[in-house]
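Thanks for coming, everyone. Let me put the structure up, and then we'll walk along the chain.

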Amino acid sequence: MDVFFMRHGETDWNVQKRLQGRTDKPLNQNGIALAQKEAENSAKKRHFV
C-alpha cells in the first residue's frame with residue numbers, strides 16, 4: 001500500500017503569516033494554481049480511483 005501526503009494550498013492568510021487552525025479559508029489564486037498543477041502531476045505518476 002502506498003500512502004501519499006499533500007499539504008493544503010496557499011491562502012491569503014498564509015501570505016499574511018496568520019494562524020488559521022480553526023478556520024477554513026479558501027485558496028487564493030496561487031493556491032488554486034498549485035493545487036491544479038499537483039493534481040495533474042499526481043495523475044501522471046499514479047492511477048487514482
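Start with Phe 5, in the segment before helix H1, residues 12-15. Helices here are DSSP runs of H or I with at least four residues, strands are E runs of at least two, and both are numbered from the N terminus. Before going on: this is a predicted model, where local features need pLDDT of at least 70 and side-chain atom pairs count only at pLDDT 80 or more, while totals for chains, interfaces and linings use all residues. Residues are numbered from 1 along each chain as its sequence is written, and side-chain values use heavy atoms, with hydrogens and water left out.

Back to Phe 5. Phe 5 counts as exposed because its relative accessibility is 80%. The cut-offs: buried is under 20% relative accessible area, exposed is over 50%, and partly exposed is in between, with a 1.4 Å probe and protein chains only. Together with Met 1 and Val 3, Phe 5 makes a nonpolar surface patch of about 500 Å². Patch residues have over 30% relative accessible area and no salt bridge; like charges are joined within 9 Å, and nonpolar side chains (Val, Leu, Ile, Met, Phe, Trp, Tyr) within 5 Å. A salt bridge puts a side-chain nitrogen of Lys or Arg within 4 Å of a carboxyl oxygen of Asp or Glu.

Next, the loop between H1 and H2. Lys 17 is there. Most residues other than glycine have a negative phi. Lys 17 is also exposed, because its relative accessibility is 74%.

Gln 20 sits in that loop between H1 and H2 too. Buried or exposed, at 19% relative accessibility? Gln 20 counts as buried. Leaving aside residues up to four places away in sequence, Gln 20 touches Thr 11, Trp 13, Asn 14 and Lys 25. Contact means heavy atoms within 4.5 Å.

Now Asn 28, in the loop between H1 and helix H2, residues 29-45. Asn 28 is buried, because its relative accessible area is 12%. With residues up to four places away in sequence not counted, Asn 28 touches Glu 10, Thr 11, Asp 12 and Val 15. Asn 28 and Val 15 are 13 residues apart in sequence, and 9.6 Å apart C-alpha to C-alpha.

Last stop: Asn 30, in helix H2. Asn 30 is partly exposed, at 37% relative accessible area. Its side chain joins that of Glu 10 in a polar contact of 3.2 Å.

Conventions. Accessible areas come from the Shrake-Rupley method with a 1.4 Å probe; for residues, only the protein chains shown count as cover. A polar contact is a pair of N or O atoms within 3.5 Å; within protein, one must be able to donate a hydrogen and the other to accept it, and residues adjacent in sequence count only if both atoms are side-chain atoms.
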